[in-house]
Amino acid sequence: MATKFKGYMGNMLKVNLSTGEVSEFDVTDRDRELYIGNKSLATKILMDNQKAGIDPLSPEAMLIVNTGPLTGSNAPCTSRFNVSAKSPLTGAIGASNCGGDFGVQLKRCGYDGIVITGKADKPVYIDITEKGAEIKDASHLWGLDTEKTQEALSPKTGKLVIGPAGENLVKYACLISQERAAGRCGLGAVAGSKNLKALQAKGAKKIEAADPEGFKKAVKSWIDMLKSHPTTGETLPKYGTANLVNPINLSNALPTANFSRGRYEDAEMISGETLAEKYLVKNMGCLSCPIRCGRVVEVDGKQVKGPEFETLGLFGSNILNNDLALINKWNRQMDLLGLDTISCGNTIGFAIELTQKGMLKSDLKFGEFGWMEQLLEDIAHRRGIGNDIAEGSRAMARKYGGEEFAINARGLEVACYDPRSSVGMGLGYAVSNRGGCHINAGYMIFMERTGPVTMDPYSSASKAAWTVFQQNIFEAVSASGNCIFTTYAIMHKVLHRINKRGLLSKIISKVLGVSGLAMDHTAMILPWGMPINMPVMIPHSLVIGKLTGMKMTLGKFLQAGERGYNIERMFNVREGAAQDTLPGRFMNEKLDPKRPPLKAAMAKMLPGYYKVRGWDATGVPKKKKLAKLGIGISASK
Amino acid sequence: MDKPEVTVRFYTALRARAGTDEIACRAASVRGVLRYLKSNFGNDFNKTLNSCHIFLNEENIVFLRGASTKLKDGDTLHILPPTGGG
């Protein structure tokens, strides 16, 4: 089906691997306007077209790979595409976006996405060109790692592949494109369950803009803004996400010994500064990215992608490992096997503590790692104790006990920020639609600890409203095909020049602490309350408008994020996966003896969050809210 | 009586501007350290310094007495520019 909007290619593919049938999948322009694309639109498709309660690893389950209008448009940081399905790890919505080149090539073939159902009777890959999609034999690829698989496919195509972990249905198997991962929620296992080893795409179609000159001008100033910003123009390019190791450690929030402490005495040894000084060969970026936060390091004589902050924490401090070279090596090994490093590292930390407490018989130990390389292979191939760890921390706790120190939310292993030192992160982890994800949570640690202006990280005041704002904007940015790192520039570079010890900084902090009510009221009057664009801080809505021809405003953009967050919530309600809880360790055990346990702040924040969201006391969106957002009134088929 | 001797550690961009990861200096309070740094490093360093988070040992000075926080021998000040990642 064609579209009146530019930026989109106007077509989606539908492939049934059981029957071999390839057809078009219709998306309406109304849904494009409401959900923009990527994860939000994918959830809408799942809600409309997939039965409730489905086994995510059954042939009937859908796997969606799709893009946003900005994907491949040459706007900054827009190689992002999305993979969505019901998560086999959590039973909730599963969505993971990726900066590899598959999405851009998919659009150049003339497609905004592909909806995959069924199960092939032997290993296959999907070959996409401008003429459509073909299902091809992948028997020769089965068993190969993600790098060899990509090398064996056609050169110069965009690729998206699984490794042995996906083939063996490891519950947190990821998909890899180039060296970038659609890492979270176990979507590689969904592909594996369909005997789908890979997708490749190659095309030459152009992505047109509705207002080419206006788009070009807006993109140029956006790139300038990112390059001149202290975070996106200096810290991330020079130190990568690894720059966070020291600040998060000093904030008493760096997971240490399975989240039993928030500080690691050897944090400097696994930090971004050490990585830059001793191991960094160069930095790298996804297509069209001026930030270039990626690290290139050398492992076994080969230049490969270096670890992100999450991997450094969960394979460093959280298992008491101060050897960064080992983390580089394991990171590479997990990318080849197709394992999500966050869930994998977190679950290994849990397994070590289970062993330490005598609840699990294994050789795993904090601080000694002769076993690690073999264990990662065993997880990916489901051998021995690796088979248990492959199920994730929630399933392991059900088998061996230790639920209170199995550090997951909604079944997804929590990322590398301890919420006891950043209570807004605690709220975010608990309510996050995909589970213990720092991004989907709203990343409040930036507002509470690391950003240029900060709120009291132990106070519950105004955290509900700010969490909602952050979640909505991240949702909208992801839906558009843009990297959320562009949102760091929302805190304008001028704010980075404010004297932290000065009066103005103190006033801003106080104002943020009492701003919840104002934020709440602003949200209530969206979209007409913000009929403007603010390119100096949030260029996304202006650029989407120039590209697509939609009458996009900041208000509409933020409301699209709110809509996406709500439909994901409705998916979880439908699947019985909408319980908003945190592990007992977070709620009851103190990191700082001077502070009350996190459960005290959670008891205040959670009802406040539901209220701001327009959800009932059990966390279900009210009919009035859904009607206001237009959820349920459009018709994807 | 001599002022306390403290260690001052720099991180990310500030480390690059300082050209070293740490220095030792004598000062009675955080304000004294800041004054010392401002007079011993260049303009670029000072511009970044203003916006930095400061921790005394393991506590952010916003939870202590801010720049007026008193120091003692052996203390470590950690100075970090605002940042992000994820």
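Buried here means under 20% relative accessible area, exposed means over 50%, and partly exposed covers what lies in between (1.4 Å probe, protein chains only). The model is a predicted one, so local features need pLDDT of at least 70 and side-chain atom pairs count only at pLDDT 80 or more, while totals for chains, interfaces and linings use all residues. As for bookkeeping, residues are numbered from 1 along each chain as its sequence is written, chains are lettered from A and ligands numbered from 1 in the order in which they are written, and side-chain values use heavy atoms, with hydrogens and water left out.

Start with the salt bridges, each being a side-chain nitrogen of Lys or Arg within 4 Å of a carboxyl oxygen of Asp or Glu. Side chains of opposite charge can pair when their charged atoms come close. Searching the whole structure turns up 44 of these over all chains. In one of them, Lys399(A) meets Asp388(A) at 2.9 Å, N to O. This pair links distant parts of the chain, eleven residues apart: Lys399(A) sits in helix 16 (residues 393–400) of chain A and Asp388(A) in helix 15 (residues 385–389) of chain A. Helices (H or I, at least four residues) and strands (E, at least two) are DSSP runs, numbered from the N terminus.

Asp580(A) and Arg569(A) make another salt bridge, with the closest N and O atoms 2.6 Å apart. Here Asp580(A) belongs to the loop between helix 24 (554–574) and helix 25 (584–588) of chain A, and Arg569(A) to helix 24 of chain A, so the pair ties together parts eleven residues apart in sequence. Asp580(A) is buried at 9% relative accessible area, and Arg569(A) is buried as well, at 0%. The salt bridge of Asp127(A) with Lys136(A) also has its closest N and O atoms 2.6 Å apart. In that case Asp127(A) is buried, with 11% relative accessible area, but Lys136(A) is partly exposed, with 27%.

Now for the interface. Contact (heavy atoms within 4.5 Å) joins 28 residues of chain B to 37 residues of chain A. The buried area, meaning the accessible area (1.4 Å probe) that two parts lose on being put together, summed over both, is about 2700 Å² between chain B and chain A, with carbon and sulfur atoms giving 53% of that. On the chain B side, Thr12(B), Thr83(B) and Gly86(B) lose the most area to chain A, together 24% of what that side buries. From chain A, Thr235(A) reaches one of these residues: leaving aside neighbours within four places in sequence, Thr235(A) is in contact with Pro230(A), Gly240(A), Asn243(A) and Thr83(B). Thr235(A) lies in helix 8 (residues 230–239) of chain A and is buried, at 4% relative accessible area.

Charged pairs cross the interface too, with five salt bridges counted between chain B and chain A. One of them brings Glu59(B) and Lys594(A) together at 3.6 Å, N to O. Salt bridges also link Glu268(A), Arg9(B), Arg15(B) and Glu22(B) in a network. Polar contacts are pairs of N or O atoms within 3.5 Å; within protein, one must be able to donate a hydrogen and the other to accept it, and residues adjacent in sequence count only if both atoms are side-chain atoms. Across the interface of chain B and chain A, 18 residue pairs meet that rule (both at pLDDT 80 or more). Helix 1 (12–18), helix 3 (43–50), strand 3 (53–56) and strand 5 (76–80) of chain B are the elements that give two or more residues to the side touching chain A. Helix 1 of chain B provides the largest share, five residues.

Finally, the cysteines. With a disulfide taken as a pair of cysteine sulfur atoms within 2.5 Å, the count over all chains is zero. Cys77(A) is in no disulfide, and the nearest cysteine sulfur, that of Cys289(A), is 3.8 Å away. Cys77(A) is buried, at 3% relative accessibility. For Cys286(A), the closest cysteine sulfur is again in Cys289(A), but at 6.0 Å, too far for a bond. Cys286(A) is buried too, at 15% relative accessibility.
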